[in-house]
Amino acid sequence: MNKECIQTIQLKFTEKFGKKPILVFSPGRINLIGEHTDYNNGFVFPAAIDKGIYLAIEKTEADFSTTIALDMNEQIEFKLNNLKPFKNGSWENYILGVVYEIQKKGKVISNFNIVFKGDIPNGAGLSSSAALENSIAFGLNELFNLKLTKQEMIFISQKAEHNFVGVKCGIMDQFASMFGRENEAILLDCKNLNTEYFEINFKEYDILLINTNVKHSLSESEYNERRAVCEKIADLLKVDSLREVSLNHLDIIKEKISPKEHQKATYVIEENNRVIDASKALKDKDLISFGKLLYESHSGLQHKYNVSCIELDFLIEKAKENKNILGARMMGGGFGGCTINIIKKESVKEFSSDVEKRFNQRFNSNCSFYSVKLSKGTHVIEV
Ligand code: GLA
């Protein structure tokens, strides 16, 4: 827990609203492997982390609600009736979207105040957005005793992202953020939400995240476009999703789709298989094979699904040159954000300082390094 974040939101809340709030922590996530498979009803392998969103929330007698985003030093006031999305890219949409989706389920809430703050950078591919959505859904559920299940809350968060934020995301981020467990990763089947939790202990290896600190502007439209391609191909094959499709099966409609579309579907089918193989490798404690699958995943994302970028590819090249790194790949939606690296503990320092230098020489900008702990999903902070 980030004590500083907790104290800051508590202080700001009491200073501004004069009441003692309920406190919620909602984590971001990493993903070991299984990218762009969730909206294809496939497999993913995420884990909640010890960085995320800290939220203070309480009811108010005022006839409007207030939300303060401390990191942005911004504030909105709004009425609960007739909620509409703000312009694209506004943080307000995460808040209003969740409130709107809760109301759409027939749940009645009255006005409330919120102060929130995060300790993960936006655009790092660590799902600060799902963390924020879940913190709002969870906080409102606590505050108004709405009796929503965790599963209902993650679907509310996801719909907020679809309908207010405008990204047609899958369920991985919200699921991992809500259902994470300490020191464990979740093998999640997005078709039926079946889970298998894996204790993650890589012994002499660590998970190192490297943030390119870039977020390319097309990322959201490109994301939605990828999803549309996958759905189109599933439709042509008369199945619910690419989850049901094998490489041979895909060839039946080869003539009806473009080579690029074919390549993208191939990636999804292969990545799904990789997730299963990766989970087997972990069961066998075979970190070498696990690492190879990570590199293959990146190669697919780079060359077939086309969601990587030069900064991410550069970091993966550097990882490949280092024999103390078993595997690495870009993480999340792509077009920027972080890579995940499985690296020997003793090499973290040297590799980081070397990459820092080279990245700066190459792009004239800085990358950042994070080590994370796998942690518990969205919960109330007891103080
Ligand atoms: C984003 C989305 C997720 C998932 C990943 C790619 O993080 O929010 O639903 O599709 O991209 O794996």
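For my notes, contact means heavy atoms within 4.5 Å. I'm working on a predicted model, where local features need pLDDT of at least 70, side-chain atom pairs count only at pLDDT 80 or more, and totals for chains, interfaces and linings use all residues. Numbering runs from 1 along each chain as its sequence is written, and side-chain values use heavy atoms, with hydrogens and water left out.

**Fold.** I find eleven helices and 13 strands in the chain; these are DSSP runs, H or I of at least four residues for helices and E of at least two for strands, numbered from the N terminus. Taking contacts between residues at least 6 apart in sequence, 73% join residues at least 24 apart.

**Size.** The C-alpha trace spans about 60 × 50 × 40 Å along its principal axes. The radius of gyration is 21 Å, which agrees with the value near 21 Å for a compact globule of 383 residues; I took it over C-alpha atoms, and the globule rule is 2.2 Å times the number of residues to the power 0.38.

**Burial.** I have 59% of the 383 residues down as buried, meaning under 20% relative accessible area (1.4 Å probe, protein chains only).

Key. Buried means under 20% relative accessible area, exposed over 50%, partly exposed in between (1.4 Å probe, protein chains only).
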